Amino acid sequence: MTKKELFLKACKKEGVKRTPIWFMRQAGRYLPSYRKSREKAGDFLSLCKNPFLVKEVTLQPINELDFDVAILFSDILIPLEAMGINLSFVEGKGPTLEPIDDKAKLDKLKIIDPYTSTDFVLKGIELIKKEILNDIALIGFGGAPFTLATYAFEGGSSKDFKKTLKVLYENPDFFEELLEKITEATILYLKAQAECGVDSIQLFDTWGGILKCDLYKKFSLPFIKRIFSSLKSFKIPLILYVNGSSHIIKEMATSGADVLSIDHKNSLSRVSIETSNTFALQGNLDPYSLFGSKETLSKEIKQVLKEAPIRGHIFNLGHGILPETPVEKVKFVIEKVRELTEREVYE
Ligand code: CP3
């Protein structure tokens, strides 16, 4: 069984000889080789826009650490830039965007042609696919419209999402108009990724969990549904990640996703019960547990495996890996998961 089969079968809840593993943000600053590639590029956005470096960075965690699945190296904010929102990454501060705070700015946003404005992403996918052939699955991704809208309203990262939540109550029509535009762009962007051959697509609704359930059902879920339904014909597994999602699992289950990616505050067994064991689940090791001793880390890994469904588990973190994470702990997790999930029968 190839690594690609392991992943694709696990997504379908079929029996596999061991549990596949990958980490959100597995290509990143904790890896010395990533830091070198980034230095070569000059800055983060230039790295994202060079298809050869996109390929190089995407494959570093596969070649150096032996992860089972590759995730395209890019960023969820790339399509916002393609829509005409100025974007930069300031060292130590994260992303900075021109805030969309009036109707004129909203009206100016463009319908994107992914083959011209995000050609570097699509060329990157083609280069990666040529190298990994049929051995390893490549996950493409995008941001869920609500999560992308928070960046557009706040002008960057936020701790309290004040501007987002104010607009949502003060001017819901304006909010929805932005969500509509981002949804249209995301559909075109992700269809293009699928046309170029990604084997799966993950939508990151990183901040969807800040909404109470009725607001999630109005301002996030319908747009995710539209995106997933537009991708169904590609017949590739669709993964939905929401951070802090314990209160909206039932809603996530209606999104059209095949796999639910669960954060570390929740428990996989509880999600299985809530969803009548109908979904493959991805997750949900606490990213901070990699700072613990190997003993502590082993315990945390075992706990995740104990709660995971027998069929249909993809081992992952509950959120992205932290830049300060020791590389040897990442290797330890990969080895441990292999050792603990090796199965004699293929089922
Ligand atoms: O998973 C992967 O390895 C694929 C690559 C990937 C990146 N960002 C690379 C990146 C993916 C899937 C993302 C998604 C992303 N980007 C999300 C959703 C997932 C999550 O973790 O919550 C969000 C919210 C963003 C927006 C974003 N990009 C922020 C807030 C930041 C700054 C954070 C920081 O740690 O400085 C980024 C930059 C970014 N995206 C880096 C990487 C490797 C670090 C850039 C650098 O300094 O080299």
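Two strands count as paired if DSSP finds at least two bridges between them. Helices (H or I, at least four residues) and strands (E, at least two) are DSSP runs, numbered from the N terminus. The model is a predicted one, in which local features need pLDDT of at least 70 and side-chain atom pairs count only at pLDDT 80 or more, while totals for chains, interfaces and linings use all residues. Residues are numbered from 1 along each chain as its sequence is written, and side-chain values use heavy atoms, with hydrogens and water left out.

Strand E5 covers residues 200–205. On one side, E5 is joined by 5 bridges to strand E4 (residues 137–143), and the two run parallel; here Gly 142 stands opposite Leu 203 in E5. E5 also pairs with strand E6 (residues 238–242), again in the parallel sense and over 5 bridges. In that pairing, Phe 204 faces Tyr 241 in E6.

How many residues of E5 are buried? The count is 6 of 6, where buried means under 20% relative accessible area, exposed over 50%, and partly exposed in between (1.4 Å probe, protein chains only). Both faces of the strand are covered: Ser 200, Gln 202 and Phe 204 are buried on one side, and Ile 201, Leu 203 and Asp 205 are buried on the other.

The loop between E5 and helix H12 (213–219) holds Leu 211. This residue has a relative accessible area of 1% and is therefore buried. Leaving aside neighbours within four places in sequence, Leu 211 is in contact (heavy atoms within 4.5 Å) with Phe 146, Leu 165, Leu 168, Tyr 216, Phe 219, Ser 220 and His 247. Leu 133 lies 78 residues from Leu 211 in sequence and 40 Å from it in space, C-alpha to C-alpha.

Next comes the nonpolar core, a set of buried Ala, Val, Leu, Ile, Met, Phe, Trp, Tyr and Cys residues joined through side-chain atoms within 4.5 Å. The largest such core has 121 residues, and Phe 67 and Val 333 touch the most other members. Helix H11 (residues 172–195) gives the largest share of this core, 11 residues. Not counting residues up to four places away in sequence, the contacts of Phe 67 include Ile 21, Trp 22, Phe 23, Tyr 30, Val 330 and Ile 334, and also Lys 3 and Arg 338.

Helix H11 also contains Thr 183. Thr 183 is buried because its relative accessible area is 0%. With residues up to four places away in sequence not counted, Thr 183 touches Pro 145, Phe 223, Arg 226 and Ile 227.

On a 1 Å grid over the protein atoms alone, a cavity is a set of points where a 1.4 Å probe fits but cannot get out, and a pocket is an open set with protein on both sides within 12 Å along at least five of seven lines; lining residues have an atom within 4 Å of a point. Grid points are joined across faces, edges and corners, and a volume is the space filled by probe spheres set on the points.

The largest pocket holds about 1600 Å³ of space. Of its 44 lining residues, Arg 25, Arg 29, Asp 75, Pro 95 and Tyr 151 are the closest to its centre. The structure also holds 1 cavity of 30 Å³ or more, and the largest cavity has a volume of about 40 Å³. Among the residues that line the largest cavity are Glu 14, Pro 20, Ile 310 and Arg 343.
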